[in-house]
Amino acid sequence: MLHPLKRQPDGSFARVSWDEAIGDIVSRLKRIIAVHGGESVAWYNGNPSAGSYSHSMWALGLIGALGSKHSYGAGSQDTNSRWAASALLYGTCPAVPVPDLDRTEMALIIGANPVVSHGSLATIPTFAEKLHAVVGKGGRVVVVDPRRTETAQEFEWLPIASDADAYLLLSLIHVLFAENLVDRERADAQASGVDGLEQLAAAFPPASTEAQTGIPAERVHRLARDLATKRSVAYGRLGTCLGATPTLVNYLLDSVNFLAGNLDAAGGAVFSSPGIPIREMLAQSGTATYDTWRSRVGGFPEVMGMAPAAIMAAEIRTPGPGQIRAMFVSAGNPVVSTPGGDRLEDALDELDLMVSFDLYVNETGAHADYILPGAAMYERDDFPYFGTMHMAVPWAQATLPVVPTPGEVRPEWEVIDSIARALGTRALPTLPARIAARAADFARRPLTPHTLFDLLIRISSYGDLFGLRRRGYNFRSLAEKAPHGLAVRDHAATGQLRKVITHRDKKIHFDQPAMRREVQRLTARTEDPAFPLRLIGMREPRSENSWLHNVPRLRAARPRHAVRMHPGDAETLGIVNGGPVRLVSLWGSIEIPALITDDIKPGVVAVPHGWGHRGRGQWSIANHEGGVSINDLMSTEPENLDPLSGMSHLNGVRVRAEAVVPNAAPGPTAVV
Ligand SMILES: Nc1nc2c(c(=O)[nH]1)N[C@H]1C(S)=C(S)[C@@H](COP(=O)(O)OP(=O)(O)OC[C@H]3O[C@@H](n4cnc5c(=O)[nH]c(N)nc54)[C@H](O)[C@@H]3O)O[C@H]1N2
Ligand SMILES: Nc1nc2c(c(=O)[nH]1)N[C@H]1C(S)=C(S)[C@@H](COP(=O)(O)OP(=O)(O)OC[C@H]3O[C@@H](n4cnc5c(=O)[nH]c(N)nc54)[C@H](O)[C@@H]3O)O[C@H]1N2
Ligand SMILES: [Mo]
């Protein structure tokens, strides 16, 4: 994408000028807003927008200015269950504890694969090296995962059944209480509802959860003792965020860290202390909200102002006030990355206007009326503030553009700003809205991401205070004098709980009736003999969600898209290595080659997401890579999403596998 594109009646795209594109987008938006109101305009912010300081801020600013609640994003497939748990426990979503690896003696990695992913919601360069350093100092790294991942291969693998983490964590909590490993006085001083937590876990001694987790009770006892007696940390990521009760799992994860004395403590799970109080600004500016309103379809609580992406198609199709008529997608590919992407495609074609901002014409953009070329990471200035909230070793890094923007590429925020102005409003960033607006007026300068962050840097702990601190930095000097980043502190501060918590009583709230309901939902789960396997996701080196499949150099280093399956399961089903397999869920089916491996628990199958290019987008190379979208197997039904966070259910999904017999008709699918 080097210039704006407009979709032609035959589905192809033709080059248009920026003036023509923005002019037409604005006039169509005006018409839509006049008839259906600003609440009919939606925005989906994809993952890379979180890696830009300007992009999502301006996008959310515009949606906010239009009074729309249709803000969606990768979050409901990634972080929202984590954030909902933080909102319940600490009062604010971005209070996310991160592992303090430099000072830990034991890291329990639950459902994360940092050797491949490089970590997530934990901004830790050289994550794998740091894990090896833990072992080098005589410590341990234990990886709780249904698959013997690249991380598990380098450390201790503790295999667990898919989506059974809640049982493991409840048992750990049970042992911590039963063996008097909890400092009750400290716990009651820092939290309310500690007794309730004990009661919640009372019914789950390790011997009673062995069947669900596949982990011997004795192992759980030892693990609990280690957690309580060592400087240790339990860290979870997508494996703990995408199951059937993900907010519960995250709540239990923090409970374990807290009860074992490892929350907000050196070597444990700590809260980042960046020099700019981003978390506090998000909380105070009303951006870090939870459940301040509910979605029209499904009644889901918003998380950080976001509704679940899984309901987008229903929100486009369900008539009535607030029905989506116009949709922007920026730096995202929800047709491939969200549940039921195949079903979303049809809905997108029913919109009155769809606009995509991207570097490529991807599967989602293929449905857009206009595709606008965004600036890639080296083509724009940046201050990646999102990551600063997740650093156990806080640092700051500002960058100026490294290369000029090619063709007619423009940074997204500039385009959003012009659309907003043409609509007679302003895309005022919701982040530190008040400070920003004041500061711009004060300086009599236009408000740009650069001026906003220049101000924030200058008043930060390492800022120049506008000349009052001689060795301090502004945006430009930070970028020029500390191009690799500036260490803000050696370690995140500890003992910060009262500062981080936004509940009035400054205590962690473990007393959550919702969690008791979630435990009931957990124990009420039943097996379905028609779908005996559990499908989980995974990430591959040299692939990044859906969007690096077009890079020829990375292509050569990647295996074929395939389903990992245990030899025992394969044998029972008559499936051979490399042979075609049909995976069937209640919601769809896909065909994919088998990769038979001992590195996965029996009964579990793993497939990477982000595939299935199938020529729907104009990826010249990716389209020839093959592969299918596992999200075609996922549910978009509100009853299958997490009621507390609207999280998509993408891990531990019930499927069955069948060997594909050439020329045979597919087997009957289940009746819903
Ligand atoms: N190479 C590469 N790196 C990436 C990405 C990429 O696509 N490619 N994507 C980036 C993004 S957007 C993100 S969010 C991060 C994600 O970062 P991670 O969460 O570290 O990455 P995943 O590989 O998704 O790891 C999730 C792990 O959970 C396991 N798992 C699945 N179900 C369960 C379960 O029920 N219980 C337990 N205990 N484990 C389970 C899976 O086997 C998998 O190993 O990675 C980022 N980094
Ligand atoms: N089943 C299953 N589904 C999943 C997951 C899973 O583990 N399992 N993981 C989920 C997770 S964690 C995530 S984050 C999502 C990701 O899902 P999405 O965010 O919806 O999609 P991506 O595949 O990351 O696509 C990013 C797009 O942004 C474009 N892009 C890159 N940089 C820029 C930029 O600077 N500006 C603009 N305008 N565009 C840019 C790329 O070309 C690409 O088309 O997928 C989720 N979906
Ligand atoms: Mo992600």
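Select D642 to begin: D642 is buried, its relative accessible area being 1%, where buried denotes under 20% relative accessible area, exposed over 50% and partly exposed in between (1.4 Å probe, protein chains only). A salt bridge here is a side-chain nitrogen of Lys or Arg within 4 Å of a carboxyl oxygen of Asp or Glu. Helices (H or I, at least four residues) and strands (E, at least two) are DSSP runs, numbered from the N terminus. R521 counts as partly exposed because its relative accessible area is 30%.

The model on display is predicted: local features need pLDDT of at least 70, side-chain atom pairs count only at pLDDT 80 or more, and totals for chains, interfaces and linings use all residues. Residues are numbered from 1 along each chain as its sequence is written, chains are lettered from A and ligands numbered from 1 in the order in which they are written, and side-chain values use heavy atoms, with hydrogens and water left out.

**Helices α13 and α24**

Next, display α24 (residues 513–523) together with α13 (residues 246–259); the two helices pack at an angle of about 115°, with 9 Å between their axes. Axes are lines fitted to C-alpha atoms, for helices over the stretch in contact, and angles run from 0 to 180 degrees between N-to-C directions. Which residues of α13 meet α24? They are T247, L248 and Y251, and their partners in α24 are M515, E518, V519 and L522; contact means heavy atoms within 4.5 Å.

**Further salt bridges**

The structure holds 36 salt bridges. Select D226 and K230, whose side chains meet in one of them (3.7 Å, N to O). D226 is classed as buried because its relative accessibility is 16%, whereas K230, at 29%, is partly exposed. Move on to D342 and R343, another salt-bridged pair with closest N and O atoms 3.2 Å apart. Here D342 is partly exposed at 25% relative accessibility, and R343 is partly exposed at 24%. Then select R7, D24, R28 and D369, which are linked in a network of salt bridges.

**Helix α3**

Select residues 80–90, which form helix α3; 11 of its 11 residues are buried. Among them are R82, W83, L88 and Y90. Just after α3, inspect G91, which takes a positive phi of about 100°.

**A nonpolar surface patch**

Switch to a surface view and select M377, Y378, V402 and V403, a nonpolar patch with about 420 Å² of accessible area together. Patches are made of residues with over 30% relative accessible area and no salt bridge, like charges being joined within 9 Å and nonpolar side chains (Val, Leu, Ile, Met, Phe, Trp, Tyr) within 5 Å. Accessible areas come from the Shrake-Rupley method with a 1.4 Å probe; for residues, only the protein chains shown count as cover. V403 lies in the loop between β17 (395–396) and α19 (412–422) and is partly exposed, with a relative accessible area of 39%.

**Last stop: G467**

Finally, select G467 in the loop between α21 (449–458) and α22 (475–481). Is G467 buried or exposed? G467 counts as exposed, because its relative accessibility is 51%.
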